[in-house]
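User: I have a chain open in the viewer and want to go through its folding elements and side-chain pairs. Please keep the answers brief.

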Amino acid sequence: MEDFALKETKPHLGGAKVTRDKLTSTYDLVEEMLYLYVRVVEAKDFPGKYVTGSCDPYIEVKLGNYKGITRLFEKQSNPKWNQVFAFSKDRLQSSVLQVTVKDKDVFMDDFIGRVQFDLNEVPKLVPPDSPLPPQWYRLEDRHGNKVEGELMLAFWMGTQADEAFLEAWRMDSIGIGSDRLAHTRPKVYLSPKLWCLRVNVIEAQDLMPGDETRFPEVFVKAILGNQALRTGISMSKNNNVMWNEDLLFVAAEPFDEPLNLSVEDRVAPNTDEVLGKCAMRSH
């Protein structure tokens with residue numbers, strides 16, 4: 001039952017500065033999650049196959065049982081990927097990050113080289129810290145000896161507020177050993193910027209009700225998205241009616257929904273007749 005009980009939270013609100021001169025942001029209302037980010041930028045000087053003299057390289061980023069795979073470049077010894085992979089810190093299964101370069105083959109992919117990193121050496125970044133510039137790393141064989149080829153990488157520990165989170169491939173979001181892990185990306189819901197939209201309904205002129213034997217009971221209905229507001233019924237007893245009422249909406253950027261206005265006549269209980277309508281869009 002404790003999982004469903006109320007829990008006290010103390011998020012930072014309002015944009016004030018907190019520790020390390022970090023400004024509050026959209027993510028301050030969300031529990032902080034740590035990720036190991038690995039950006040595979042590019043490579044150069046990969047060796048070609050003995051027969052064809054070409055190389056079909058791809059990169060495998062592996063941490064324990066979780067791994068991500070970059071797209072394949074055919075016949076390219078200097079490929080450029082610029083792909084980002086993210087591993088949740090809560091699910092880290094190894095203290096060693098392996099980045100392996102492989103050459104696609106029909107039967108078995110060839111091992112070109114790899115670089116390895118101890119997670120204790122990974123720096124931690126907290127926005128607004130500047131992202132780390134990538135560096136070149138010389139490839140090694142399985143015994144740690146330097147081989148031909150270099151790989152440009154950047155890796156760091158960050159949160160979901162990191163600018164790389166939107167483009168990162170999540171490597172541990174489904175299950176261990178699933179081939180679909182390399183095709184999973186996060187969906188980020190950002191808090192929209194909200195505005196107050198005031199609609200001042202003043203008057204209407206030259207209305208033409210369907211039944212001219214009665215005084216119209218006219219009101220204005222305004223709809224914005226899934227919000228609907230209406231004025232009161234005008235007390236005017238002719239075809240030129242006045243309200244001078246304000247209707248207040250909460251509008252979210254980018255204001256892509258129209259404001260629909262309709263002038264309606266209450267001809268009977270629960271029965272309204274539309275006398276005219278219009279739609280307005282922001283510019």
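User: How many helices and strands does the chain have?
Analyst: This is a predicted model. The secondary structure comes to 0 helices and 15 strands.

User: What percentage of the residues count as buried?
Analyst: The chain has 283 residues. Buried means under 20% relative accessible area. The share of residues that count as buried is 36%.

User: Among contacts between residues at least 6 apart in sequence, what share joins residues at least 24 apart?
Analyst: The contacts in question are those in the chain between residues at least 6 apart in sequence. Of these, the share that joins residues at least 24 apart is 60%.

User: Which kind of pair do F73 and W81 form: stacked, tilted or edge-to-face?
Analyst: The ring centres of F73 and W81 are 5.7 Å apart. Their planes stand at 75°. Planes over 60 degrees apart count as edge-to-face. So the F73 and W81 pair is edge-to-face.

User: Which residues do ring pairs link into a cluster?
Analyst: Ring pairs can link rings into a group. Here the cluster consists of Y35, Y37, W156 and F165.

User: Which charged residue lies over the face of F219?
Analyst: R142 lies over the face of F111, at 4.0 Å from the ring centre. For F219, the distance from the ring centre is 4.0 Å. The residue over the face of F219 is R230.

User: Which residues make the nonpolar surface patch of about 470 Å²?
Analyst: One member, F107, is in the loop between β5 and β6. F107 has a relative accessible area of 83%, so F107 is exposed. The patch is made by V106, F107 and M108.

User: How far apart in space are D141 and V115, C-alpha to C-alpha?
Analyst: D141 is found in the loop between β7 and β8. Leaving out residues up to four places away in sequence, D141 touches F111, R114 and V147. D141 and V115 are 26 residues apart in sequence. C-alpha to C-alpha, their distance in space is 8.7 Å.

User: How many salt bridges does a search of the whole structure find?
Analyst: Side chains of opposite charge can pair when their charged atoms come close. The cut-off is within 4 Å, nitrogen to carboxyl oxygen. The number of salt bridges found is 10.

User: How many residues apart are K44 and E150?
Analyst: The side chains of K44 and E150 meet in a salt bridge at 3.9 Å, N to O. K44 is in strand β1 and E150 in strand β8. K44 has a relative accessible area of 28% and is partly exposed. The pair links distant parts of the chain, and the separation is 106 residues.

User: Which residue forms a salt bridge with D109?
Analyst: D109 counts as partly exposed at 24% relative accessibility. The closest N and O atoms of the bridge are 3.9 Å apart. The partner of D109 is K104.

User: Is D265 buried or exposed?
Analyst: D265 forms a salt bridge with R214, with the closest N and O atoms 2.8 Å apart. D265 lies in strand β14 and R214 in the loop between β10 and β11, so the pair ties together parts 51 residues apart in sequence. R214 is partly exposed, at 23%. D265 has a relative accessible area of 1%, so D265 is buried.

Methods. Residues numbered from 1 in each chain as written. Predicted model: local features only at pLDDT ≥ 70, side-chain atom pairs only at ≥ 80, totals over all residues. Heavy atoms only, no water. Phe/Tyr/Trp six-rings, centres within 6.5 Å; stacked < 30°, edge-to-face > 60°. Lys NZ or Arg CZ within 6 Å of the ring centre and 35° of its normal. Patch = residues over 30% accessible without salt bridge, like charges linked within 9 Å, V, L, I, M, F, W, Y side chains within 5 Å. Areas by Shrake-Rupley, 256 points an atom, 1.4 Å probe, with all protein chains shown as cover. Helix = DSSP H or I, 4+ residues; strand = E, 2+ residues; numbered from the N terminus. Buried < 20%, exposed > 50% of the residue type's maximum accessible area, 1.4 Å probe, protein only. Contact = heavy atoms within 4.5 Å.
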